[in-house]
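Here are some questions and answers for a reader new to this structure. Please look over the sequence and the model before reading on.

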Amino acid sequence: MEQKYTPCIIIPGIGQSKIELLDGNGKKLKMAWQLEIDTDSIVKKLKYPFIRSVILRSDLGLSNKMASIVSEIVDPIATNDDGTMKNPIRVVDYPQSIADCTEDERNYIYRMVPMQRLGKIIGEDKLYFFSYNSFGEPYETAAMLNDFIQQIKKEHNCDKVNLVPVSMGGAVSIAYFDAYGHQNDIKRVMYFVAALQGTPVISDLMKLNINPDKAISLIEFLFPRKVSEMLKKILSLLPRKVSNKMMLGAMKGLVDTAIIHCPSLWSTVPPTEYEALAEKHLSGGKYAVLRSKTDRFYKAQKKFPEHMMQLKSEGVDFFAVVGYNLQLLPIAAADTASSDSMINVESASMGATAAPLGQKLDKEPDGDFISPDGTVDASTSLLPYRVWYFRNQQHDNTAYNDTALEIASRVLSDDSFTSVYSDKSLPRYGNAQDNRK
């Protein structure tokens, strides 16, 4: 008898969905994300303030020019004071299963989230990729996800689906469960390096509490290699105080244009930081509409641990894969948190305890809850038996960790696979991998 598998929906992370910038008639102008950048134009605009700054070894308009350039670059994904998109955009979506995608669409999806192994097991006709606006509003995204779930349930004549939230997809799942969890449409959730309680990277950016000499790490993350390499060359020719001021200008342009008014990025602020940051940036009537949106998510995020346990008691099974023992993106001032470089351990694991980098817990490794290197205690997680940890695993590269992918495939295809004890070859603690090497 053929096994009946549950359809699975991948909820990708920030930047893994394509977004088109449109004109007033709905015609595509260019890609809004990934950003299309004219490096020649950047060089031209920086040329004269750069030359003056090099000769006189002082910031003579360079930082202000850099701020305006970055603001212009990210303008396609900018938001208004109420959190709505400033420009008309269209998400490139895939309403069909991966089996029905074109070869180019399939290649793109698997490049973003390499779940080919799962597709082979359950069939690509049961594997879906949920595209969404990474810079939009969490509850609008949740409504679209709910519609997608209903469509898939109807297509397969089934009662439930599985979710695979990746990175920011974790925040999307919080909004979804808050608004639609009562519908009981979800069987299993496989969190893949997911931001469930935010990340200090975003809160530090909002505070501009950053290391300017490491700001290039964020440029490398956001922009094409050609842009980051060009900026590295420029920075190498400037005095340190001038280059730092230039990069602070770049970060200010990014924060002011693409972060402060973006509801989805507020969903990745740690709840412990939210109230102070919202008071700083979103107080006053001008931001009342946006504040109502961010407040709603904050309340859901804050109560999500409790809500998760309620959902678990109602039959939803939650699992997670987490990276640890890496410094957060170097731009962040919070540089002692154990993380996968983007998401700290406590957030992705729903409460595991991690020692600051370079330190160990006051507990001996025990072959079970305490990691072999003595830096993580899995027992404090809400899901102590359903989270796998990978030492030195970088956030994006988790998608190329064969063991992590095998765990995800087993969780989403085998109902008897229920914990870190289900298969001795897939223990709670593992090490970083990159199957591209």
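Q: Leaving aside neighbours within four places in sequence, which residues is Tyr389 in contact with?
A: The model is a predicted one. Contact here means heavy atoms within 4.5 Å. With neighbours within four places in sequence left aside, the residues in contact with Tyr389 are Val322, Tyr324, Val345, Ser349, Ala352, Val376, Ala378, Ser381, Arg428, Tyr429 and Gly430.

Q: How many residues are in the largest nonpolar core, where Tyr389 is among those that touch the most other members?
A: Besides Tyr389, the members with the most such partners are Ile9, Leu163, Phe177, Tyr191, Leu231 and Met251. The number of residues in this core is 110.

Q: Which helix gives the most to this core?
A: Nonpolar side chains in soluble globular proteins tend to be buried together. In this core, nine residues come from the helix that gives the most, α10.

Q: Which elements do the buried residues of α1 pack against?
A: The buried residues in α1 are Thr39, Ile42, Leu46, Pro49, Phe50 and Ser53. They pack against α2 (62–74), α9 (225–236) and α10 (240–259).

Q: Where in α1 does the kink of about 45 degrees lie?
A: Helix α1 covers residues 39–56 and reaches 25 Å from its first C-alpha to its last, close to the 26 Å expected. Its kink comes shortly before the proline Pro49, at Lys47.

Note on methods: Residues numbered from 1 in each chain as written. Predicted model: local features only at pLDDT ≥ 70, side-chain atom pairs only at ≥ 80, totals over all residues. Heavy atoms only, no water. Helix = DSSP H or I, 4+ residues; strand = E, 2+ residues; numbered from the N terminus. Expected span 1.5 Å × (residues − 1). Bend = angle between axes of the 7 residues up to and from the residue. Buried < 20%, exposed > 50% of the residue type's maximum accessible area, 1.4 Å probe, protein only. Core = buried A, V, L, I, M, F, W, Y, C linked by side-chain atoms within 4.5 Å.
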